[in-house]
Protein chains: 2
Amino acid sequence: MKRLPAAAGSEYADIVLPRIPAGVTTPEVLLDIGVVEANLARMQALADRSGVRLRPHVKTHKSVELGRRQLAAGAAGITAGTLGEVEVFAAAGFDDIFFAFPVWAEGARVGRLRSLHEAIRLRVAVDSRAAAEALAVISRVRRRLEVLIEVDCGAGRCGVPPADAGGLAAHARSLGLEPVGAFTYPGHGDRSPEARGPASDDEVAALEIAAAAMTAEGIEVRELSAGSTPTAALSARAPVTEIRPGEYACNDLGKYRLGACGPADLALFVAATVVSDAVAGQVIVDVGTKALGREGTPEIGYGRATALPGAVLARLNEYHGYLSIPDGVARPRIGEVVAIAPNHVCPVINLFDQLLVHRDGQVVGRWPVDARGHLN
Amino acid sequence: MKRLPAAAGSEYADIVLPRIPAGVTTPEVLLDIGVVEANLARMQALADRSGVRLRPHVKTHKSVELGRRQLAAGAAGITAGTLGEVEVFAAAGFDDIFFAFPVWAEGARVGRLRSLHEAIRLRVAVDSRAAAEALAVISRVRRRLEVLIEVDCGAGRCGVPPADAGGLAAHARSLGLEPVGAFTYPGHGDRSPEARGPASDDEVAALEIAAAAMTAEGIEVRELSAGSTPTAALSARAPVTEIRPGEYACNDLGKYRLGACGPADLALFVAATVVSDAVAGQVIVDVGTKALGREGTPEIGYGRATALPGAVLARLNEYHGYLSIPDGVARPRIGEVVAIAPNHVCPVINLFDQLLVHRDGQVVGRWPVDARGHLN
């Protein structure tokens, strides 16, 4: 895997820049559909030749149109992270959704989950007896709710120890739920975009242990699901049955630094206008935390204008980005539109209502970010 | 000014917790209107007794209803940070808006700015000759566009050196714009919520220099505008004529740490549900970067459940918050709803479509975040 140093400069010179459509009103999210198509095909090919199903996580793009293209490219279904996401995609006709979050089924969520369970093939994450007990109320004898047991492969987030998957699955079965397998999430890069590289094959090892534990309880293991774009190539092998990458559709600097994509694979940039050059050594652009989030660190920056060597978004306010320009590099003039490569694409899309979709600079449409927000 | 250490623990024990309305579906933004009312009254009283006008920055809340209450409490007008914000509030009847951003008037922005200038009393920020020249096209002889010259009081973001305000103002006047004064922004706390405290009286000093420079050019200085909640008490004095705080309406942990609000003045919390306790020493709650942003640092955390001593949101994924629980503190059970105090309120509100407004736990309404997004 390629690991790039964090220092500003020429490491990013090979990143292929988007052609910026004329007349863009910044800040605007530019999505090059040609790059997306290549990204979708590449991940689908990886899944196909590895003998696993691809179930993309739609949290990255929250776009019905993009989800449809993932299915058209061969995906077996989708993964969602909030109940609202599941609802938006189910309403748009997606009928096979894994809700990969240990939802607490209480109050208004009960009826919403029940409606979804009756309408589509819904699978839900479980990592505790308490949550399984709450969830069991929506299961029926003739239509049992399928659950996947979440196991921890080392990320330390959710998930029981893999060896405990059998006990939790047996408990879920006793409640009337239908445990069909296990899933895990590798948790790379969560602390910062510069954090450690992808886990080795912890995911596969964890899922093997979970499968053995469930089998020992007499449970037929039909699904072993692994996560994440950076680890897709490592985890797409038996006994894993499906992978759930999300970011691969768009990619970003974080994936590039991890070696999870190449320099021509970044489909999404944020168009920004230079609005001030009053302070030496920098220009101010009209993207801040409300367009980019605050993904990054002061050291590596919160995004880069990769067209300009060493141009790093070194600080962000809400509507102001401080684009530092090294000595010897010409500062862009006020009014110039620059393309900002974000560190992490998912929070960026969630901040916009629509994506400006182009093919090499020619606008081909505006796609709503259908499930933007929809947090609860 | 009170400065609190960053360590986890009892420093936050005096923060007054919200009563969480029954039946909340998390994540949900809880806004206690009683606390808001007290916050509005306090800042208005400060402005009144200091002889300055209050022009709140609506970027914090993006809520027409909250903006109306600020006017009702005595505010002279509002401040906005994006053209979209100006449009949303102008459409809702706000007729005196300072657009405190060095907008680049080109393309679609020209017509939009012109429409606003014809419809309301609009003032716009200028900090460069280039931007002034672009902006001049919307000014008319019989209705000249009022501009405020942005000067840098030390934040190093936008703004000409204060002594250069006269030259820029004279140039703007020669273009047909009407320079009416100067404004500045102190830029405290931009690097992290633990960054330095409020600037001393840099703002006032900078504006005095700017005023002298403009007067020397024969320009009548009618407005000297200072910014920010943490510096309001320092900058609300002659020759400053108006202050532009935003966060004071809601407050947050960042303001509390700076001593800019008291422990009973936090009006906004994010309700979160505990969804997993699989990993020792923490629980996972259903708020991540898509509900909170990533405002904070790994050291101080990205928010706190102040009801639990030392309970710090130590890591965030998009939908998962890692709430670390110190040894000896009982972990909340799965399904429990906890109130998270954010470090910075502005990005949080921008991630939600509505605010659940309550008065001490009794729901009194849901207010749309009218200008959510509206980035360009």
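**Entry 1: the interface**

I started with the area buried between chain B and chain A, which comes to about 5500 Å². Carbon and sulfur atoms give 52% of that area. The model is a predicted one, and I read every value below as computed from it.

Next I looked up which residues of chain B lose the most area to chain A. They are Arg157(B), Tyr319(B) and Leu375(B). Together they account for 13% of what that side buries.

I then took the contacts. On the chain B side 63 residues take part, and they meet 62 residues of chain A.

How many salt bridges does the rule find across the interface of chain B and chain A? I noted eight. I also looked up a pair of charged side chains, Arg294(A) and Glu295(B). They meet in a salt bridge at 3.0 Å, N to O.

**Entry 2: how the copies relate**

I laid chain B on chain A. The same surface serves both copies, since 98% of the contact residues of chain B recur in chain A.

**Entry 3: the sheet of chain B**

I traced an open sheet of eight strands in chain B. The order is 2-9-8-7-6-5-4-3, and the pairing is parallel. Which strands stand at the edges? They are strand 2 (53-54) and strand 3 (78-80) of chain B. Each has a single partner strand, so one side of each is left without a neighbour in the sheet.

I checked one pairing inside the sheet. Strand 7 (residues 178-184) and strand 8 (residues 223-227) of chain B run parallel and are joined by three bridges. Phe183(B) stands opposite Ser225(B) of strand 8.

Two helices that pack on this sheet went into my notes. Helix 6 (residues 165-174) of chain B touches strand 5 (121-126), strand 6 (146-151) and strand 7 of chain B. Its direction makes about 155 degrees with that of strand 6. Helix 7 (residues 202-216) of chain B touches strand 6, strand 7 and strand 8 of chain B. The direction of helix 7 makes about 160 degrees with that of strand 7.

**Entry 4: helix 6 of chain B**

Is helix 6 of chain B mostly covered or mostly open? I find it mostly covered, with seven of its ten residues buried. These are Ala165(B), Gly166(B), Leu168(B), Ala169(B), Ala170(B), His171(B) and Ala172(B). They pack against strand 5, helix 5 (129-135), strand 6, strand 7 and helix 7 of chain B. Just after the helix, Gly176(B) takes a positive phi of about 100 degrees.

**Entry 5: Pro179(B)**

I placed Pro179(B) in strand 7 of chain B. Its relative accessible area is 7%, so it counts as buried. I listed its contacts, leaving out residues up to four places away in sequence. Pro179(B) touches Val147(B), Ala169(B), Arg173(B), Met214(B), Ile219(B) and Glu220(B).

**Entry 6: strand 5 of chain A**

I moved to chain A. Five of the six residues of strand 5 (residues 121-126) are buried, so this strand is largely enclosed by the rest of the structure. Strand 4 (residues 96-99) of chain A pairs with strand 5 in the parallel sense, over four bridges. Phe98(A) stands opposite Arg123(A) of strand 5.

**Entry 7: backbone exceptions in chain A**

Most residues other than glycine have a negative phi, and most peptide bonds are trans. I looked for departures.

I noted a cis peptide bond between Thr26(A) and Pro27(A), with omega about -10 degrees. Pro27(A) sits in the segment before strand 1 (28-32) of chain A. Another cis bond runs from Ala238(A) to Pro239(A), with omega near 10 degrees. I found Pro239(A) in the loop between helix 8 (232-235) and strand 9 (242-244) of chain A.

For positive phi, I noted Asp360(A) at about 55 degrees. It lies in the loop between strand 15 (354-359) and strand 16 (362-368) of chain A. Asp360(A) counts as partly exposed at 45% relative accessibility. His374(A) has a positive phi near 45 degrees. I placed His374(A) in the segment after strand 16 of chain A. At 33% relative accessibility, His374(A) counts as partly exposed.

Key. Residues numbered from 1 in each chain as written. Chains lettered and ligands numbered in written order. Predicted model: local features only at pLDDT ≥ 70, side-chain atom pairs only at ≥ 80, totals over all residues. Heavy atoms only, no water. Contact = heavy atoms within 4.5 Å. Pairing = 2+ DSSP bridges. Axes fitted to C-alpha atoms, helices over the stretch in contact; angles between N-to-C directions. Buried < 20%, exposed > 50% of the residue type's maximum accessible area, 1.4 Å probe, protein only. Buried area = accessible area lost by both parts, 1.4 Å probe. Salt bridge = Lys/Arg side-chain N within 4 Å of Asp/Glu carboxyl O.
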